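Please keep the sequence and the 3D view side by side while reading.

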Amino acid sequence: MHRPGPRPACRALAATLLTALVAVATPPAVFAQTGDQHDMPVPSTPPEVVIHAFGSVDWAATDQHDTPQSFGLGQFSLFVTAALNERVSVLAEVVMEGSGANTRVVTDLERLQLTYRLDDHLNLSAGRYHTGIGYYNAAFHHGSYFEVPIGRPRIFAFEDEGGVLPVHEVGLSARGAVPKTASALRYVAEVGNGRRWTDVDDADEDRDEGRDQNGAKSTNVGLALRPERWRGAEIGASFYRDQIPVGTQPTITHQIAAAYGVYRTPSTEIMAEWLQLSHRLPASTQSTNRGGYLQASRAFGKVRPYYRYDRLDIKPETPLIGSFGSSTVHLVGIRLDPADWIGLKAQYERLHDDHVTGSDAVHVQLVFVF
Amino acid sequence: MRTPRLLLLVLLMSAAALTAAAPLVAQQVVAPGPPLAIIVHRSNPVDNLTFGELRRIFMLDTQTWPHGRKITVVLRDHGQPERADAIRMVCGLSESDYEKHILFRTFQGNVNIGPRAIQSVAGMLNFVSSAPGAIGYVNADETDGAVKLLRIDGMLPDDPRYPLRRRGRGRGAAER
């Protein structure tokens with residue numbers, strides 16, 4: 001599994017930004033959340049800052065003898081957004097991951113975007129963002145409170161957790177509603193550096209952190225349809241393309257096509273998504289791999305049972321991701337929301353992958369927002 | 001694996017027991033209150049919204065007026081019955097689900113300025129009459145000349161087919 005090591009430069013930047021954000025944000029946050037002050041005409045001076053934190057505590061066990069059952073801390077996501085004026089806003093998501101054994105904290109700047117909103121038809125953003133590949137990646141970020149099951153579908157796993165997609169990128173994006181469609185048809189267009197596939201052991205990686213490896217930019221375009229008649233329903237598709245340099249070898253042409261159908265209301269969630277990834281070297285055959293998931297849940301009061309079928313097929317001969325492996329996971333669980341902003345999830349997982357057939361696991365997660 | 005399976009079984013049974021034990025809350029039947037009047041700044045050129053457009057505005061799916069000004073949604077303060085009432089009538093959601101929806105949209109980066117919270121009818125009228133992009137609501141018998149009353153689906157609150165009429169479960173002015 002591809003597991004990049006620490007990225008000191010990025011993390012130092014993230015820690016600095018985190019400190020600055022908290023220092024800048026604290027006084028206005030009190031101002032922003034005081035209801036009485038909204039009885040007055042629109043305030044004009046300090047930007048209103050909204051701060052939220054998402055956290056989780058986990059417990060997991062498998063039938064693999066070399067993996068003992070264990071408690072663990074999940075990601076702690078600090079989310080800050082502020083409206084600088086009527087049209088410009090800034091958003092930052094800083095994720096801290098702690099060890100259960102000690103208090104060492106690893107910090108990553110996962111999102112940092114400055115957005116200009118001309119109107120509902122054109123929102124322009126610059127910075128680090130979650131790519132609009134398919135549905136899941138742009139809908140669910142690092143705070144796991146909004147996700148019904150524990151964990152992301154394997155195809156949408158984060159890069160540092162063995163993910164095969166360019167989940168994060170630095171660049172520009174435009175999104176909005178297509179005119180004359182009553183906001184039913186929405187688009188996204190992104191231009192970014194693309195994912196860095198540099199060998200993680202390369203000592204030069206951190207020196208170039210954040211920069212593109214070549215001049216070719218990744219592009220992603222997507223369309224989504226949300227019919228007003230069927231509230232909560234959305235279908236969509238996206239297409240991503242990049243040129244990836246790999247050492248002295250010829251550049252790899254990487255394409256990702258995604259299609260999805262989603263129905264999400266407070267009580268019901270049905271999500272299905274399928275992606276096709278292709279990698280092609282010049283004068284070589286194209287490697288095509290596929291992955292996706294089907295997920296459903298239904299709330300009965302505070303209790304929500306759920307199921308997910310999660311599949312990823314990666315051919316070993318595929319450049320860059322051939323060693324990531326294939327897997328099929330059936331996941332069934334139940335989520336209990338005992339109070340607003342607190343969720344308790346418990347799920348059973350049955351995993352088939354390249355190494356094990358029919359491995360069982362149980363995962364419990366307590367999630368919260370404040 | 002016995003311990004994990006046992007734990008999972010216990011969790012599942014606990015959840016089922018909690019569901020079964022949840023008290024059934026009797027629906028309180030309340031006399032219909034006055035209709036909800038949707039109000040905007042007097043300079044706003046919009047005269048009419050469809051119910052779908054109104055819902056998209058309150059859900060923050062639509063955030064700018066057709067003439068380009070940013071929309072500021074104004075609700076009554078958290079916990080006030082007038083807030084939950086309006087959210088249910090316009091969005092079809094509970095107040096809790098609405099708050100989660102707004103946070104979800106904010107977390108996705110789709111919201112610039114979230115809904116404002118106002119404590120009183122006077123505060124609502126004062127805010128909407130002062131902020132050119134604001135949209136709020138009061139009971140139809142509480143409007144004044146400082147704000148503009150919007151038609152919804154072409155109808156004003158005194159029309160029997162007006163879509164924001166309370167149907168017997170609402171909490172009208174008499175309850176406040």
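In chain B, 38% of the 176 residues are buried. The model is a predicted one. Chain B holds 5 helices and 7 strands. Along the sequence they follow the pattern α-β-β-α-β-α-α-β-α-β-β-β. Among contacts in chain B with a separation of 6 or more, 68% join residues 24 or more positions apart.

**The sheet of chain B**

Chain B has an open sheet of 5 strands, ordered S4-S3-S5-S1-S6, with mixed pairing. Which strands stand at its edges? They are S4 (116-118) and S6 (147-149) of chain B; each has a single partner strand, so one side of each lacks a neighbour in the sheet. From one strand to the next, the twist averages 35°.

Inside this order, S3 (residues 72-76) and S5 (residues 134-139) of chain B run parallel and share 2 bridges. B:Thr72 has B:Ala134 of S5(B) as its bridge partner. Helix H5 (residues 121-130) of chain B packs on the sheet. H5(B) touches S1 (36-41), S3, S4, S5 and S6 of chain B, and its direction makes about 150° with that of S5(B).

**Nonpolar cores**

The largest nonpolar core counts 32 residues. Within it, B:Ile38, B:Ile39, B:Val74 and B:Val128 have the most contacts. Seven elements need naming here: S1, H2 (51-58), S3, H3 (81-91), S4, H5 and S5 of chain B give two or more residues each to this core. S1(B) gives the most, with 5 residues.

A second core is separate and has 22 residues. Among them are A:Ile133, A:Phe140, A:Val262 and A:Ile314.

**Helix H2 of chain B**

Which residues of H2(B) are buried? They are B:Leu54, B:Arg56 and B:Phe58. These buried residues pack against S1, S2 (48-49), S3, H3 and S7 (151-152) of chain B. After H2(B) comes B:Leu60, with a positive phi near 65°.

**Paired strands in chain A**

S12 (residues 268-280) and S13 (residues 286-298) of chain A are joined by 13 bridges in the antiparallel sense. S13(A) is also antiparallel to S14 (residues 303-313) of chain A, over 8 bridges. Both pairs are hairpins: S12(A) with S13(A), and S13(A) with S14(A).

| Hairpin | Residues between strands | Residue with positive phi |
|---|---|---|
| S12(A) and S13(A) | 5 residues | A:Ala283, about 60° |
| S13(A) and S14(A) | 4 residues | A:Gly301, near 65° |

Which residue links the two pairings? A:Leu294 of S13(A) is the bridge partner of A:Ala272, and A:Leu294 also has A:Tyr309 of S14(A) as a bridge partner.

Terms used:
Residues are numbered from 1 along each chain as its sequence is written. Chains are lettered from A and ligands numbered from 1 in the order in which they are written. This is a predicted model: local features need pLDDT of at least 70, side-chain atom pairs count only at pLDDT 80 or more; totals for chains, interfaces and linings use all residues. Two strands pair if DSSP finds at least two bridges between them. Axes are lines fitted to C-alpha atoms, for helices over the stretch in contact, and angles run from 0 to 180 degrees between N-to-C directions. Two residues are in contact if their C-beta atoms, placed from the backbone, lie within 7 Å. A nonpolar core is a set of buried Ala, Val, Leu, Ile, Met, Phe, Trp, Tyr and Cys residues joined through C-beta atoms within 7 Å. A residue is buried if 20 or more other C-beta atoms lie within 10 Å of its own, exposed if 12 or fewer, and partly exposed in between; C-beta atoms are placed from the backbone.
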